[in-house]
Amino acid sequence: MQTQDLVTLVPWTFIIQIINLFIQVFLIKKFLFKPINDILEKRRNLADKEIKEAREAKTEADSLKEQYESSLTHAHAEAAQIVSDAQKEAQSKADTLVRDAQEEVAGIKARAAADIEQEKKKAINEAKDEISSLAMDIAGKVVEKEINEADHKKLIEDFINKVGA
């Protein structure tokens, strides 16, 4: 009985299969791995480029944000200054209007006082004239004699002094 070898190793077949394996590895490396590596390198470069652009965009956005905040702060300060100036100007105008009104009131009071004083003097003079004519009539009736003009004036002055006091 002859036993059959299940696994036999033929040296020439083995060498040819090893050479075939090296040729396949070489061809796979040349035609498959190299293009795949090139594609992967291009993708890596593209991703790096996008990351770099994103970082630059973020830096620019941060810069714009700082400028915006600075402008906003400046605008708030300017607005506060404008409001303050407007309040000061309004207060100044109000003070001027009040001062002008007070001066006008003082002028009106002075004119009114002068008018009152003038009317008072006029009334006193009219009263003096009326009193003197009444005094003349009364004196003429009481005394029924003629009084000369000097005596008449003296009587009027005495009467006015007594009435004025």
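**Exercise 1.** In this predicted model, determine which residue forms a salt bridge with glutamate 41, and where the two residues lie.

*Solution.* Glutamate 41 pairs with arginine 44, and their closest N and O atoms are 2.5 Å apart. The cut-off for a salt bridge is 4 Å, so the pair qualifies. Both glutamate 41 and arginine 44 belong to helix α1, at a spacing of three residues, about one turn of the helix. Glutamate 41 has a relative accessibility of 35% and is therefore partly exposed. Arginine 44, at 46%, is likewise partly exposed.

**Exercise 2.** Describe the salt bridge between aspartate 62 and lysine 58, and classify each residue as buried, partly exposed or exposed.

*Solution.* The closest N and O atoms of aspartate 62 and lysine 58 are 3.4 Å apart. These residues are four positions apart in helix α1, about one turn of the helix. The class "exposed" requires over 50% relative accessible area. Lysine 58 has 55%, so lysine 58 is exposed. Aspartate 62 has 35% and is partly exposed.

**Exercise 3.** State how many salt bridges the structure holds, and describe the one formed by lysine 93.

*Solution.* The structure holds three salt bridges. Lysine 93 meets glutamate 89 at 3.4 Å, N to O. Because lysine 93 and glutamate 89 are four residues apart in helix α1, about one helical turn separates them.

**Exercise 4.** Identify the residues that form the patch of negative charge on the surface, and locate aspartate 115.

*Solution.* The patch consists of Asp115, Glu119, Glu126, Asp129 and Glu130. Aspartate 115 lies in helix α1. With a relative accessible area of 45%, aspartate 115 is partly exposed.

Note on methods
Residues are numbered from 1 along each chain as its sequence is written. This is a predicted model: local features need pLDDT of at least 70, side-chain atom pairs count only at pLDDT 80 or more; totals for chains, interfaces and linings use all residues. Side-chain values use heavy atoms; hydrogens and water are left out. Patches are made of residues with over 30% relative accessible area and no salt bridge: like charges are joined within 9 Å, nonpolar side chains (Val, Leu, Ile, Met, Phe, Trp, Tyr) within 5 Å. Accessible areas come from the Shrake-Rupley method with a 1.4 Å probe; for residues, only the protein chains shown count as cover. A salt bridge is a side-chain nitrogen of Lys or Arg within 4 Å of a carboxyl oxygen of Asp or Glu. Lys and Arg count as positive and Asp and Glu as negative; His and the chain ends are not counted. The place of a charge is taken as NZ of Lys, CZ of Arg, CG of Asp or CD of Glu. Buried means under 20% relative accessible area, exposed over 50%, partly exposed in between (1.4 Å probe, protein chains only).
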